[in-house]
Amino acid sequence: MNLTLTPAVLQGAVSAIPSKSDGHRKLICAACSDKESFLPLQKPHCADILATMQCLKALGAVFTETEQGVLISPIQPHRQWKKPLLDCNESGSTFRFLLPVAMTFAEKASFTGSGRLPERPIDALTCVMEQHGVAFDAPTLPFTATGKLKGGTFELAGNVTSQYLSGLLMALPHGTEDSVIHLTKPLESAAYVDLTCNVLRAFGAKIRQETENGLPAYYIEGNQKLCVPDSLYVDGDWSNAAFFLVAGAIFAPVTVHGVYADSTQGDKAICEILRQAGAVVEQSADCVTVSAPKDGVLRAFSADMREIPDLLPILSVLAAYAKGETHLHHAARLRLKECDRLAETTKLLKNLGGDVTELEDALLIRGGALQGGTVNGCNDHRMVMSAAIAALGCTHPVTVLGTEAVNKSYPAFFEDYQKLGGICRTAEEE
């Protein structure tokens, strides 16, 4: 679906959606635990969460939807398909988490995906799994994996994607042997690994982290059974709250409820970056309000993308409205997302009249007025939502192609956008 967005001012309050990152991990741990549990993860589910639920169903879990959330009956061998097919759709998290997890429960499983997922890297993970008893009949999706994942000593680079490490951490407690994962290169997106460990420990998993030769090492006991904690909740999503918080910094005050100051999500760094840019940020334990600078002028800033890669598209929009040159650096991994986010963010801003230079692993953005035009959503939820926020301050309307991509993480994005004052119309309504 294509939408035309008219310049407007967003103002008011909105509730954060459930964190996709937290939801993936808690669904997986609950499905691998010792008894039935309830997770207050309410509809509408985003496409990535639905992909994880469908894959866990293929492994033998049962999900019962209620108005309040999801009742989860854990994986049982008698319910498992003989050779389960795990369709990960376009979800990199689903694929990278459940590939090792599935091979601790199944002797044989097939995996498939769509969109850009078959092109996204997986070889570093399949390589270490091959060293521990799992064989693959093809190097990329679709493929069939055969053989139970064995424990032992794993060596993994930490600078490709933290999702490989998180997947192994969620899988190895279910193996028969003790394991240790040694990182051979520094870890990037460490907050996501911290989130994984925190969720696993909430379910009683025994994981010990040490520093060896200056790099993290993770020790995991085998033969563990995860235990459902007394209460389960899903954190509010900082990654998606960032879009509306940036709108608040550029235009008028916007409040997001349900984002927690003590969250382990790395993307809560958006608050500090907005302060660096001169915005007024008022934060409580579970709520954030962001307003434009008191003098009305946003300032250029610098941000390292290694720990917060998902924020690059929306930070680029913030930079386009800030005075001076902004540097978003250490961002090479963003070329391997749903699209090449460095190249496509550059195109997005240039199509709207922005001034941006694309480097191998960085963007240099010089602030100034955006004019309007047509941009491609690139089948990437974060590109679509960034374009929608960029459109608010343009001098002319912005047409965004393929806006249905928001279903990947935030199906109700445009509903909330309009509640806050955004104006959008389909081509048929024009």
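Predicted model: local features only at pLDDT ≥ 70, side-chain atom pairs only at ≥ 80, totals over all residues.

The points below take up the pocket, the cavities and the helix pair in turn.

1. The largest pocket. The volume of the largest pocket is about 450 Å³. Its lining comprises 31 residues, and those nearest the centre are S93, R120, Q163, D310 and K337. Helix 1 (20–31), helix 3 (92–105), helix 5 and helix 11 (381–391) are the elements that each give two or more residues to this lining.

2. By class, the lining of the largest pocket divides into 13 charged, 12 polar and six nonpolar residues. Among the residues nearest the pocket centre are R120, D310 and K337.

3. The largest cavity. Two cavities of 30 Å³ or more are present in the structure. The largest of them holds about 40 Å³ of space. V14, S15, A16, I17, N240, A241, F244, V256 and Y410 form its lining. Strand 2 (12–15) and helix 7 (238–250) are the elements that give two or more residues to that lining, and helix 7 has the largest share, with three residues. Which classes make up the lining of the largest cavity? Seven of the lining residues are nonpolar and two are polar, while none is charged.

4. The second largest cavity. This cavity has a volume of about 30 Å³. The residues that line the second largest cavity are S21, Y192, L195, S239, Q265, G266 and D267. By class, that lining has four polar, two nonpolar and one charged residues.

5. Geometry of helix 5 and helix 6. How are helix 5 and helix 6 oriented to each other? The axes of helix 5 (residues 162–171) and helix 6 (residues 190–202) come within 9 Å and cross at roughly 10°. An angle under 35 degrees counts as roughly parallel, and the two helices are therefore roughly parallel to each other. Their crossing is right-handed.

6. Contact between helix 5 and helix 6. On the helix 5 side, the contact involves S162, L165, S166, L169 and M170; these meet Y192, V193, T196, C197 and L200 in helix 6. By class, seven residues of this contact are nonpolar and three are polar, with no charged residues. Two of the regions described above share residues with this pair: Y192, in the contact with helix 5, also lines the second largest cavity, and helix 5 gives two or more residues to the lining of the largest pocket.

Note on methods: Residues numbered from 1 in each chain as written. Heavy atoms only, no water. 1 Å grid on protein atoms, 1.4 Å probe; cavity = no way out; pocket = protein on both sides within 12 Å on 5 of 7 lines; lining within 4 Å. Points joined across faces, edges and corners; volume = space filled by probe spheres on them. Helix = DSSP H or I, 4+ residues; strand = E, 2+ residues; numbered from the N terminus. Nonpolar A, V, L, I, M, F, W, Y, C, P; charged D, E, K, R; others polar. Axes fitted to C-alpha atoms, helices over the stretch in contact; angles between N-to-C directions. Parallel < 35°, antiparallel > 145°, perpendicular 65-115°, else oblique. Left-handed = near helix turned anticlockwise from the far one by under 90°. Contact = heavy atoms within 4.5 Å.
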